[in-house]
Amino acid sequence: MSRSRTPFLVLAALVVAGPVLGLASAAVASTTTHTPYQTGRVDAGTPNSTTVTKNSAGQVVSYGDPAITYTTPSPSLATLGQSLFLENCASCHGTQANGVPANGTSGAYPDLVGLGPATIDFWVESGRMPAADPTAVQAKRRTPRLDQNQALAIAAWINSLSPSYPGIPSVNLKDANVSDGAALFALNCAACHTIEGDGDALASGTFAPSLRNVPAYQVAEAIRTGPGNMPRFTGNLSDYQVADIVKYVTTEIQHPQNVGGFGLGGLGPVAEGFVGLLLGVGLLALVGFWVGERQ
Amino acid sequence: MSQTVTTKRSQRESAGPYGKIGHTLNELDDRLGVAKGGRTFLDKIFPDHWSFMLGEIALYSFVVLLVTGIFLTLYYIPSQDLTTYTGSYLPLYGQKVTEAYASSVNLSFAVRGGLLMRQMHHWSCDIFVGAIVLHMGRVFFTGAFRKPRELNWTIGTTLLILAIVNGFLGYSLPDDLVSGTGIRIAYSIILSIPLVGTYVAFFLFGGNFPGTAIIPRFFILHVLIIPLVILGLVGAHMGLLVRQKHTQFPGKGKTEKNVVGSPMYPVFMAKTTGFMFVVTGAIALLGAFAQINPIWQFGPYTASRISYAVQPDWYMGFLDGALRIFPAWSFHSFGYTIPLEVTIPAVIFPGILFNLIMVWPAIERKFTKDNALHNLLDRPSNRPKRTAAGVTVAVLCSMLFIASSTDVMANFFHVSLNTVLWSMRILCIVTPIIAYPVTYKICREMQGFAGAGKRKTTNVVSRTAEGEYLATPAPVYVDDVVHEHEHEAVAIPTFVSEPVAEDEASPSGVRRIPR
């Protein structure tokens with residue numbers, strides 16, 4: 001498929017719209033059965049909305065409201081993406097990104113075809129992929145091995161194998177309502193990520209990661225695509241509501257109004273108990289020790 | 001003829017030997033007879049040992065609790081009626097919240113000094129219960145609860161229970177997401193009581209959870225009923241203390257028949273007043289600089305919402321830990337369900353624990369057959385069985401306390417939550433079993449070791465002219481010559497009613513009075 005697209009690469013250097021159109025025509029040809037919203041594994045993580053806006057290339061850029069716009073990475077990056085994929089990802093996910101590595105075992109690693117650019121972009125740009133330890137129960141966020149452009153390139157190549165949704169979200173935070181976001185966060189997110197967004201350990205070595213240092217678009221990607229154990233929030237949250245949550249996370253969770261002194265790490269009563277007992281009672285007992293006789 | 005000249009000196013002399021204050025006191029005494037009681041009070045002897053100050057931390061943090069609590073009641077609205085939050089905290093603006101929650105957030109953000117008062121109130125509660133537990137440990141391990149002080153031990157234990165209960169009620173009042181979860185757990189614990197659980201729960205909550213009655217009911221219990229009972233029991237605790245006089249550690253000049261220490265006036269009064277300011281100051285510093293319970297971040301409680309990683313305040317931790325690690329056992333039969341995984345750790349276990357603590361003096365008397373009056377304290381090492389029993393219970397409760405943060409530990413150390421859970425299950429059983437013999441053995445070793453508790457002396461190394469090195473032990477410290485740390489044969493339990501030896505030298509700065 002990448003070979004058949006090579007002629008467009010010349011055009012890509014000159015015009016942006018050209019290759020997009022070109023790929024779109026190929027995409028339409030191969031994905032005519034795709035609905036723009038989630039029906040199964042393919043297109044997982046697209047909002048359940050039949051109202052969609054498409055760009056000139058025929059790709060869905062929003063799902064009925066302007067709170068989030070979705071972009072598909074430029075297919076001109078696909079060649080770069082393929083070579084990056086072969087270098088960094090293929091040893092587990094296989095050369096065709098179908099989760100079958102060279103030794104032929106299938107089922108051990110996820111099939112990436114059809115998952116949509118947002119999924120690929122989230123895992124690479126949060127530093128979780130390429131995995132530091134492929135045997136770990138859950139990958140941790142770390143400094144990304146690949147930069148943003150390289151992540152987009154890999155997403156572009158995988159998308160070229162079977163064009164799918166959702167694209168990479170761009171959240172319009174200006175009109176989002178932080179109060180609604182707080183309520184939705186308490187309802188949907190706090191049960192794992194904790195109400196202060198610090199994350200915590202879940203069963204059997206899995207954990208809900210901290211939300212303190214996650215950029216806005218990655219929060220939206222995670223909500224829509226449900227990485228790892230996280231559920232995909234597709235039908236029950238509109239793009240407006242996702243934007244509200246993203247605004248709450250990127251403002252109040254990441255920059256809490258910590259009035260009342262040191263926040264004690266957001267550990268709640270555990271830290272408070274230690275401070276109260278060791279610093280409070282302990283110091284006062286020491287003062288008593290100092291005031292009293294010691295024989 | 002002598003002329004009467006009014007000078008300052010003659011005025012002073014005419015006022016009598018006690019001056020104007022003395023005159024006023026005399027007038028009071030003529031009418032109310034305060035001299036006798038006042039003299040007893042001012043002359044009350046307080047032992048100087050530092051461990052006797054632990055109870056005072058509890059007393060003074062209770063005073064802070066009362067003062068800050070009165071401030072909070074001025075602004076808190078004990079109601080579960082829904083209102084729209086329109087205060088200054090943006091993420092809550094426009095949300096439907098209860099009056100209780102809105103007023104708690106408002107008193108934190110909109111009332112001058114409100115957040116400081118709320119944080120001081122919460123910190124002093126943590127310190128209050130902590131100091132009670134420390135004080136209780138001191139009383140237990142030194143045997144201060146023995147005859148004639150069993151009643152005061154019972155009062156103290158009741159105070160601990162009331163403090164824990166009132167702490168729980170208090171942190172539930174803001175009606176935030178975290179405390180609402182706590183109320184939900186308390187409701188389930190009450191439900192789990194066999195036979196009467198549902199009736200008791202519906203009675204207390206005025207119907208099914210959450211209802212609208214619980215916050216007003218908790219409020220009255222928290223600010224009126226339980227504080228009054230605590231206040232009364234604190235009075236009884238102190239009254240008995242004055243009536244029965246202090247215990248003291250054995251030592252030079254200290255016998256079963258006397259109390260050695262500083263009198264209330266002036267030494268102890270200065271000391272304790274200073275200590276009160278230190279306690280108040282420490283709580284004020286914590287309230288000003290350490291955030292506690294940021295309820296605005298938690299949001300209001302609704303039954304459909306929950307936050308992960310929720311722990312109760314530390315004094316409820318051992319119960320939470322027991323609930324967390326108990327295996328999922330339950331009993332289903334005859335159309336009834338008894339959730340043993342809740343009933344055993346949260347109802348039966350604390351029931352046994354607190355009853356055991358209450359009746360411990362009687363249990364010990366039964367075993368030692370010691371019916372004598374005791375005013376001199378034990379060294380813990382001289383009572384290895386009691387010390388080992390106390391350490392066992394303390395270790396169990398500490399392990400359960402640690403178990404209440406299984407998720408925090410798993411997250412912090414990057415290990416599986418299941419591993420932590422099973423580790424805590426094993427530790428909670430194994431560590432108390434190990435603690436008893438180890439403590440017992442250490443106590444016995446300390447009894448047998450003559451130098452225990454004394455400072456080591458230096459070795460003076462000298463070099464002779466021939467180049468030979470000699471190490472000579474320096475003489476023991478003068479203070480350590482007194483053999484107070486040495487193992488005394490465990491007292492034969494009889495009350496020796498010998499008179500106080502009059503020729504014993506009184507240590508400087510202390511007074512000794514017969515009982």
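Which residues does A:I154 touch, not counting residues up to four places away in sequence? They are A:G81, A:L84, A:F85, A:C89, A:I120 and A:V124. The model is predicted.

- In soluble globular proteins, nonpolar side chains tend to be buried together.

**Contact between chains A and B**
- Chain A puts 53 residues into the contact and chain B puts in 58.
- On the side of chain B that touches chain A, two or more residues come from each of helix 4 (54-73), helix 6 (114-141), helix 11 (264-289), helix 12 (295-298), helix 16 (406-413) and helix 17 (417-448) of chain B.
- Sorted by class, that side of chain B has 35 nonpolar, 17 polar and six charged residues.

**Helix 11 of chain A against helix 6 of chain B**
- Two packed helices are described by the angle between their axes and the distance between the axes.
- For helix 11 (residues 269-291) of chain A and helix 6 of chain B, the packing angle is about 60° and the axes are 9 Å apart.
- That angle makes helix 11 of chain A oblique to helix 6 of chain B.
- The crossing of helix 11 of chain A with helix 6 of chain B is right-handed.
- From helix 11 of chain A, the residues A:E272, A:G273, A:G276, A:L277, A:G280, A:V281 and A:A285 meet B:W123, B:D126, B:I127, B:G130, B:A131 and B:L134 in helix 6 of chain B.
- This helix contact has seven nonpolar, four polar and two charged residues.

**Helix 7 of chain A**
- Within helix 7 (residues 178-188) of chain A, the residues A:V178, A:G181, A:A182, A:A183, A:L184, A:F185 and A:A186 are buried.
- The buried residues of this helix pack against helix 8 (190-193) and helix 10 (239-253) of chain A, and also against helix 8 (177-191) of chain B.

**Chain B as a whole**
- Chain B contains 17 helices and nine strands.
- Taken along the principal axes, its C-alpha atoms fill a box of roughly 85 × 85 × 60 Å.
- Chain B has 515 residues, of which 38% count as buried.
- Among the contacts in chain B with a separation of 6 or more, 72% are between residues 24 or more positions apart.

Technical notes: Residues are numbered from 1 along each chain as its sequence is written. Chains are lettered from A and ligands numbered from 1 in the order in which they are written. This is a predicted model: local features need pLDDT of at least 70, side-chain atom pairs count only at pLDDT 80 or more; totals for chains, interfaces and linings use all residues. Two residues are in contact if their C-beta atoms, placed from the backbone, lie within 7 Å. Helices (H or I, at least four residues) and strands (E, at least two) are DSSP runs, numbered from the N terminus. Ala, Val, Leu, Ile, Met, Phe, Trp, Tyr, Cys and Pro count as nonpolar, Asp, Glu, Lys and Arg as charged, and the others, Gly among them, as polar. Axes are lines fitted to C-alpha atoms, for helices over the stretch in contact, and angles run from 0 to 180 degrees between N-to-C directions. Angles under 35 degrees count as roughly parallel, over 145 as roughly antiparallel, 65 to 115 as roughly perpendicular and the rest as oblique. A crossing is left-handed if the near helix is turned anticlockwise from the far one by less than a right angle, and right-handed if clockwise. A residue is buried if 20 or more other C-beta atoms lie within 10 Å of its own, exposed if 12 or fewer, and partly exposed in between; C-beta atoms are placed from the backbone.
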